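Hi everyone, thanks for making time for this. I'd like to walk you through one structure today, so please have the sequence and the model up on your screens.

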Amino acid sequence: MAVCSAYTTQSLNSTCSISTPAKTHLGFHQKQVVFYRRSSKRGGSGSGSGSSSGPCVITCSAGDSQTVVIGLAADSGCGKSTFMRRLTSVFGGAAEPPKGGNPDSNTLISDMTTVICLDDYHSLDRTGRKEKGVTALDPRANDFDLMYEQVKAIKSGVAVDKPIYNHVTGLLDPPELIKPPKILVIEGLHPMFDERVRDLLDFSIYLDISNEVKFAWKIQRDMAERGHSLESIKASIEARKPDFDAYIDPQKKYADAVIEVLPTELIPDDNEGKVLRVRLIMKEGVKHFSPVYLFDEGSTISWIPCGRKLTCSYPGIKFHYGPDTYFGNEVSILEMDGQFDRLDELIYVESHLSNISTKFYGEVTQQMLKHADFPGSNNGTGLFQTIVGLKIRDLYEQITSSKTAAPLEATKA
Amino acid sequence: MATLFTLNFVTPRATASLRDSTKGSPIKVPYLNQPMKRVLSPLESRRMQVRAAPDSLSEKVEQSIKEAQEACSDDPASGECVAAWDEVEELSAAASHARDRLKDNDPLENYCKDNPETDECKTYDN
């Protein structure tokens, strides 16, 4: 898709020179056409201000329009995480590691999206961190300058050679080539830590897992591993907590959407962590992002869908929606507590949510069913991850359509 | 660091040249008769005691937990202790990802992903 933007230059007389810059802000694949018009006035044709009778430069770029960059902050490290798979599935296609490259690469590529793991920007490898006594959570272990340079380059359409951090060996492997995709997702511990990187993000998400749920999930993940015991898992979480609270947690306030996972309130004294209470905290006033709401935007609603029309099994489902403030920002919070047991519960809930940016009725349900084997497919985590994925698709479409609309207006003028 | 003298990897042809280069004393090469029994030179055996290389991820996890417990027994708040537990976390995550990858490793599916046109993989939807 070619994008052409027209620029008019101010000229004092009919002859003027236009310097063609070697590298414009569009980066690559440039073709510039310059039209000269005679200095005689055309007498008020069309819009007045700005359309002086000077020469105009029309710049067309054959390369893709600017990449949309999404940031996702999550603790568990990078890779084939469920959110990424749901997100790429919303756009269609499955995300795969780059073919023919390093088998331990953390990158995932699909037709529309490329997912980059920010662990690749570690400045210290495992032995280096051990010597210095720093964790991967510490900013000293990461090269933010390189991260900023490369994300900026990809955003402007330039391919980069990104280093690879091998999680198996703990070493930094030779770089791999990343070509600019339509949507770039940067996933890791510090997508919003550095201010310059934060400004490049078009949308940012933070997955906030509460301590009890984190402990329960880590037990499920690690108890199968020989050598791990309850004490070692607990010790590992506690040891990382100071660094986590100091460096990772503060990124919450910059996120446009926070998915907070808490233990359920429906079952008293539940410590299994199977039923979850999930809150989707959406910042108000974000460009191209309109928060999901229930029944009436801006009011406070408490909703239990189970009743006469819908029968649910224990412990049922409970929704809450309302405006709030979060770290000084105006937000809307949509909360779900409980589990989906049947298809009709899911479709019933979907039909009552508004502003979910689906293209057809039942799209959320269809996406959740497509990945019914993913963890969280029966509770708020899967639901909100899917909804955020649809919102990102909507954001992408809005950004790309606004980019094609703006140049058209300029050529009309 | 001096390279390890490869006395261990000796072929019959090389034995002859070695015999010539040394001062005439016979060189014991037990490998040729019993390749299983590897006689370690002192340098190599010292190395192997210090760094027993774990080849699978699970062993790495186990070892990292032991190291973390040792590092934390002196001072639970030190940087070494924290970094050691962080390494445990990283390796556990890598192990769980590897387990997931193994779970969905259907050879037919993998083959068909790359070659959808072959006879085994063609699908007729309409």
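Predicted model: local features only at pLDDT ≥ 70, side-chain atom pairs only at ≥ 80, totals over all residues.

Strand β4, residues 68-73, is joined to β10(A) by 4 bridges, and the two run parallel. If you want a landmark for that pair, find A:I70, which stands opposite A:F203 in β10(A). Then there is strand β11, residues 257-263 of chain A, which is joined to β10(A) by 5 bridges and also runs parallel with β10(A). The landmark here is A:Y206, standing opposite A:V258 in β11(A).

How many of the residues of strand β10 are buried? The count is 7 of the 7, residues 203-209, so β10 is largely enclosed by the rest of the structure. As a reminder, in a regular strand the side chains alternate between the two faces of the sheet. Here A:F203, A:I205, A:L207 and A:I209 point one way from β10(A). A:S204, A:Y206 and A:D208 point the other way, and the residues on both sides are buried.

Now let's zoom out to the sheet. It is an open sheet of 10 strands with mixed pairing, and the order in chain A is β5-β6-β9-β4-β10-β11-β12-β16-β15-β14. Which strands are at the edges? They are β5 (108-109) and β14 (301-303) of chain A, each of which pairs on one side only. Strands of a sheet pair through backbone hydrogen bonds, either parallel or antiparallel. At the β5 end we have the antiparallel kind: β5(A) and β6(A) pair that way over 2 bridges. You can find the spot by looking for A:I109, opposite A:T114 in β6(A).

Staying with β6, let's follow the chain onward. In the loop between β6 (113-117) and α2 (126-132) of chain A sits A:D119. This aspartate is buried, yet A:D119 has no salt bridge. How far away is the nearest side chain of opposite charge? That side chain is A:R129, at 7.2 Å, whereas a salt bridge here has to be within 4 Å. What the side chain of A:D119 does have is a polar contact with the side chain of A:H167, at 2.6 Å.

For contrast, here is another aspartate in a loop. A:D373 lies between α8 (363-370) and α9 (380-412) of chain A. Is A:D373 buried or exposed? At 64% relative accessibility, it counts as exposed. To give you a sense of distance, A:D373 and A:G157 are 216 residues apart in sequence and 36 Å apart in space, C-alpha to C-alpha.

Next, a helix. After α1(A) comes A:G92, with a positive phi near 100°.

Last topic: the disulfides. How many are there over all chains? The count comes to 3. In chain A, a disulfide joins A:C306 to A:C312, with an S to S distance of 2.0 Å. Its torsion about the S-S bond is about -100°, so this disulfide is left-handed. A:C306 is partly exposed, with a relative accessible area of 22%, and A:C312 is partly exposed as well, at 24%.

Over in chain B, B:C72 is joined to B:C81, S to S 1.8 Å. The torsion of that bond is about 100°, so the disulfide is right-handed. B:C72 counts as buried at 14% relative accessibility, and B:C81 counts as buried at 2%.

Then there are B:C112 and B:C121, whose sulfur atoms are 2.0 Å apart in a disulfide. With a torsion of about -75°, this one is left-handed, and both B:C112 and B:C121 are buried. Counting bonded cysteines along chain B, the pattern is 1-2, 3-4.

That's my tour, and I'm happy to go back to any part of it.

Notes: Residues numbered from 1 in each chain as written. Chains lettered and ligands numbered in written order. Heavy atoms only, no water. Buried < 20%, exposed > 50% of the residue type's maximum accessible area, 1.4 Å probe, protein only. Lys, Arg positive; Asp, Glu negative; His and termini not counted. Polar contact = N/O pair within 3.5 Å; in protein donor to acceptor, adjacent residues only side chain to side chain. Disulfide = S-S within 2.5 Å. Pairing = 2+ DSSP bridges.
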